[in-house]
Amino acid sequence: MPRVHLVNPSTKSFGVAVFTPRWLYVLASATGTRWGDPRIVDETLEPLDVETIAPGDVVGIGIHTGNARRGYEIGCDAHQRGAWVVYGGIHATLFPDEAAEHGRAHAVVRGDGDLVWPRVVEDCLAGAPNPLYEGGRIAGDQFASARWDLLPTGRYMWASVQTVRGCPKHCSFCSVWRTDGQQPRNRAVERVVREIVQLRRMGFRFIALADDNFYPVALADLAQARRRADGSRLRELEALRAERFALMARLAELPDDLVFYTQITMEAAEDPAFLEAMRRAKIRGALVGVESVSPEGLKDVYKGFNFAGEELVARLRTFRQYGIHVLGSFIFGLPSDTRHSFDATVALAQRADVTFAQFVLLTPFPGTLDFEKWAVEEKRRGTLVDGVPLTRHWLIPEERRPRLYTPHPTMSLEEIRLGAERAWDRFYSWRNVWARSRVVESIRARFAFVLISKLYRQMYANTGIAADSARVQRSAQRARWIGYACRRLFLGKPLPDLQVPGEQLELSEAINEADVDAFSTPDGVRASAQLNRRLRWMRATRAHVK
Ligand code: SF4
């Protein structure tokens, strides 16, 4: 019988990974079981063995710009072995023709794959796939849950659950608002909760809420809607906001040892009610897109809703007051950056009590406003690298790919690259990491914090910014070792009997204390296997669910 393969391409494999690539397990669920369980390959763990692909199989490859080239290699190999090759993901949505030209696609899925994927598989196995399928932007209550039962054990530190797609902002360097849309689509709360309970049963304590923007309605948006004569927009935003609070209230009912992490805009720092709800919901960390510490830099990226200077420090510290650790994301290479920007950014991040930081280089990613502006100029310049136009930089072999693409008015590109490396070095120096590790209490936890900081640096800085490929390989190797050492720190004891809060109430209403006692008696005729299971479940629930 032909099989379905789902592949997450990567040129670097670490043996372990921080986050589960959620899309693999969502599409596995959408595939169904008619053709057996799909075979899942995450190349951030191990490279794909093409020998496992047989003629007539279906190979689904999800690509973003960063891994598109590797994805096309896999597609060509699979095609050669006689399999049906299908691409999906943001990059395939933007460039469906490229997937056919460079990756020998039989079919491409644009937009959300949750609903359309089973039809794609069926058409392939019937020998007649369409070249293009429009998955569109499905409603939040249609998002598929993931097949977490297919996860390999002990390989991932954080599980990932999605609660909303889309973002109402329009940052110039980001494609999310154009691909996922500006209308936030909240996922049904109970589905989110059920998935989290399933993951906690399996032993995951750390769960990323893998959303584009966890805070889709800011107070400023509500104020603006209130000024409109027509109240429909205000009602719509209030309903969206109420759903966020409903979700957080349900997260608050889950076991206390869970830790959530998400991505959020800085505007949330002005919304104490939201921060308080996050604290109760056990959302202990958030990636905040700071981008630049200067007003000019924020203007460069259309992020005027952020703050700069001392106001920025105050906003970032506010998150900490609610127990939310910030992973600050900063961009270097903006036109307004100067030679002082690197040190100034690190100093600000430290003053603002940011727990983790990432310093990324401005890259024109397709689907963004920055890309469109840059591509017009770059076409005129007509730069080629290994015969590939720079406007298709993701097709250039990785070791030959430039690290920066946009000429800067006052600095050379190498100066910017070195400045960014220096920022990573300073922020993640042993001394600074050890000082920051005071955010946790025990010595064991402080060592864990140090390991995780170093892992983060190895995985995301050296492999992304370093120009020397030998150094990239060494970093990948080091990340692999640290990753193996770290992974156990994240896992908890599995709680196989954990129930969804609220659902146990229905049962406890059905079985009262007297029943429990009766079931426990040695001669209890009613102590059938089923009731005993219920009894065990009730006891476990009392122990684990608040
Ligand atoms: S960077 Fe964040 S806030 Fe800006 S558009 Fe993208 S998802 Fe939205």
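Predicted model: local features only at pLDDT ≥ 70, side-chain atom pairs only at ≥ 80, totals over all residues.

Analyst: One term before we start: a contact means heavy atoms within 4.5 Å. In that sense Gly 309 touches Val 293 and Leu 348, leaving aside residues up to four places away in sequence.

User: OK, back to Gly 309, where is it found?
Analyst: Gly 309 belongs to helix 12, residues 309–321; helices (H or I, at least four residues) and strands (E, at least two) are DSSP runs, numbered from the N terminus. The C-alpha atom of Gly 309 is separated by 9.9 Å from that of Ala 344, which is 35 residues apart from Gly 309 along the chain.

User: How many residues of the whole chain count as buried?
Analyst: Of the 546 residues in the chain, 54% count as buried. The chain has 21 helices and 17 strands, and among its contacts with a separation of 6 or more, 75% are between residues 24 or more positions apart.

User: Changing topic, which residues surround the ligand?
Analyst: The ligand is surrounded by Cys 167, Lys 169, Cys 171, Phe 173, Cys 174, Trp 177, Asp 212 and Thr 265, with a residue counted as near if one of its heavy atoms lies within 4 Å. By class, this shell has 5 nonpolar, 1 polar and 2 charged residues; Ala, Val, Leu, Ile, Met, Phe, Trp, Tyr, Cys and Pro count as nonpolar, Asp, Glu, Lys and Arg as charged, and the others, Gly among them, as polar.

User: Now the helix pairs, how do helix 2 and helix 4 cross?
Analyst: The axes of helix 2 (residues 68–80) and helix 4 (residues 96–103) come within 9 Å and cross at roughly 55 degrees; such axes are lines fitted to C-alpha atoms, for helices over the stretch in contact, and angles run from 0 to 180 degrees between N-to-C directions. That makes helix 2 oblique to helix 4, given that angles under 35 degrees count as roughly parallel, over 145 as roughly antiparallel, 65 to 115 as roughly perpendicular and the rest as oblique.

User: Which residues make that contact of helix 2 with helix 4?
Analyst: Helix 2 contributes Tyr 72, Gly 75 and Cys 76, and helix 4 contributes Glu 98, Ala 99, His 102 and Gly 103. These residues divide into 3 nonpolar, 3 polar and 1 charged.

User: What about helix 7 and helix 9, at what angle do their axes cross?
Analyst: The axes of helix 7 (residues 189–202) and helix 9 (residues 232–252) cross at roughly 25 degrees and come within 10 Å, which makes helix 7 roughly parallel to helix 9. Their contact includes Val 189 and Ile 196 of helix 7 and Leu 247 and Arg 250 of helix 9, and its residues divide into 7 nonpolar, no polar and 3 charged.

Key
Residues numbered from 1 in each chain as written. Heavy atoms only, no water. Buried < 20%, exposed > 50% of the residue type's maximum accessible area, 1.4 Å probe, protein only.
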